[in-house]
Structures are given as structure tokens and as C-alpha cells.
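Please look over the structure shown below before reading on. The report that follows takes up salt bridges, pockets and a few surface features in turn.

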Amino acid sequence: MHSLTLEDVHITLEGASLLSVDTSIAPGEVLTVMGPSGVGKSTLLAYIAGFLSPAFHARGRVCLGERELTRLPAEARRVGLLFQDPLLFPHLNVGGNLAFGMTAEGSRRKRRQRVEAALEEIGLNGFANRDPATLSGGQRSRVALMRVLLSKPCAMLLDEPFSKLDAALRDEMRQLVFQRVRQENLPTLMVTHDAADAEAAGGHVIELGS
Ligand code: ADP
Ligand code: MG
């Protein structure tokens, strides 16, 4: 894995400066970017992932190791994203959701085994044929996490990923997410307005809008 580097990134909205970031995130490190609502946290993630709205103007570079992401279309960047709403495809069952972003390598049987192993890892043995609408919020969050990991990203972006969970689930999900991104050695950028998220991440913290 490589570091995720944000080189002199400046984003403006209608000519007014919105945010500036210059930092690097090592593999397995979780960097927290904090700031109140509207400060530009989601905008920064959209820029890194490659779907910044044309309302914004950005300069700077984002690199994964030597690979300059800002030259690549979104689908070629291999950046994993988790949002506060765990969005699963309603027309696919849980297994289909997990398999969605998986590379086509290996036999069909091998791929099914990877899906089953992922379900086992999050305590959802035998859930492959379930309709996502029948899952609890915590179960949906865990499936969304595994779906991103199975797509073999090279970096991870988290947009207030725990803010919609109730307190007990929130702690559990924090543990799981941070443990898994470290295991996979992914450079991870989390944006949040919750100081407890930053504390749980245990890494460096950058404040926007101060
Ligand atoms: P945060 O995630 O920190 O709450 P956002 O990145 O969503 O903030 O938004 C930053 C600013 O950009 C806000 O003022 C918001 O209203 C504005 N904004 C967000 N998306 C758009 C867009 N597509 N077009 C114009 N302005 C936008
Ligand atoms: Mg946001």
C-alpha cells in the first residue's frame, strides 16, 4: 500500500476560498478532518474521489504513492467510500451487494466463498439471500463496510460514518472500521464533526474553518 498525499489542495466556491489542505496519510493511518457543518468536509472527499461538483474550483494534486489520482477518472482511482447512510442496492440481495464491486478474478465458486467469508466476519452467516431492506441499521453498516473492502480499494474515505448509529452500535462500528482499515493497511481519511470519532481513530487531527 502507498501513502495518500494531498499536495497544496485549495478549493473555492464561487470565487471564495472554502478550504486548504496539505498533508499525507501513511498506509494504515487514520487522519481525521474536523469542522462544523458546511465547512467543506464532504467537498474535500468528493474532490479526492473524483466527483467534485462543477460549482467548485480546485487546485493541487492528490496522489497515491506515485499515482496521481487527480489525473484519473473517478472509477479508476480505487478509492473506497463510506457515508453516514450505508447505501445498499435495494434490487440486489445482501450477497449481490457484497459481490458488486468485487474484481472478476477467480472462479464463481471462489467469489461466492469470499462473500461468505465476509458475512461470517461480520456475524451475518447465511445472510447472502436476504433483502437489504430486512437488515437492521447496524447490519446494513457492516455490510456496507465489507462491500467497500471487497472492492480492494487503495485508500479509504469516511464521511461521518458513525453519526447515524446509536451509542452502543457506534462504538462497535468504530472498532470494526478502524481495525479493518489497519488490517488492510489502507491510508484513511475520516471527516467528522464528532470529537469522539477523532479520539477513537487515535491519529492526527486537522481542523477546517479555524
Ligand atoms: P460539510 O460536509 O462540511 O458539511 P459540504 O462540503 O457539504 O460541507 O459543503 C460545503 C459548502 O459548499 C456548503 O456551504 C454547501 O452549501 C456548499 N455546497 C455543497 N455542495 C454544493 C454544490 N453542489 N453546489 C454549490 N454549493 C455546494
Ligand atoms: Mg458533509
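## Salt bridges, pockets and surface

Arginine 71 counts as exposed because its relative accessibility is 69%, where exposed means over 50% relative accessible area, buried under 20% and partly exposed in between, with a 1.4 Å probe and protein chains only. This is a predicted model, in which local features need pLDDT of at least 70 and side-chain atom pairs count only at pLDDT 80 or more, while totals for chains, interfaces and linings use all residues. Residues are numbered from 1 along each chain as its sequence is written, chains are lettered from A and ligands numbered from 1 in the order in which they are written, and side-chain values use heavy atoms, with hydrogens and water left out.

A search of the whole structure finds eleven salt bridges, a salt bridge being a side-chain nitrogen of Lys or Arg within 4 Å of a carboxyl oxygen of Asp or Glu. The table gives three of them, including the one formed by arginine 71.

| Arginine 71 | Glutamate 68 | 2.8 Å |

Glutamate 68, the partner of arginine 71, counts as buried at 14% relative accessibility. Helices (H or I, at least four residues) and strands (E, at least two) are DSSP runs, numbered from the N terminus. Arginine 61 is partly exposed at 35% relative accessibility, and glutamate 7 is also partly exposed, with 29%. Glu7, Arg61, Glu68 and Arg71 are linked in a network of salt bridges.

Lysine 41 is buried, with a relative accessible area of 4%, and glutamate 160 is buried at 9%.

The largest pocket has a volume of about 660 Å³. A pocket is an open set of points on a 1 Å grid over the protein atoms alone, where a 1.4 Å probe fits, with protein on both sides within 12 Å along at least five of seven lines, and its lining residues have an atom within 4 Å of a point. Of the 25 residues that line the largest pocket, Val79, Gly80, Leu81, Val148 and Ser151 are the closest to its centre, and β6 gives the most to the lining, with four residues.

What is the volume of the second largest pocket? That volume is about 290 Å³, and α3 gives the most to the lining of the second largest pocket, with five residues.

On the surface, Phe51, Phe83 and Leu87 form a nonpolar patch with about 300 Å² of accessible area together. Patches are made of residues with over 30% relative accessible area and no salt bridge, like charges being joined within 9 Å and nonpolar side chains (Val, Leu, Ile, Met, Phe, Trp, Tyr) within 5 Å. Leucine 87 lies in the loop between β6 (79-82) and α2 (94-99) and counts as exposed at 56% relative accessibility.

Definitions and conventions
Areas by Shrake-Rupley, 256 points an atom, 1.4 Å probe, with all protein chains shown as cover. Points joined across faces, edges and corners; volume = space filled by probe spheres on them.
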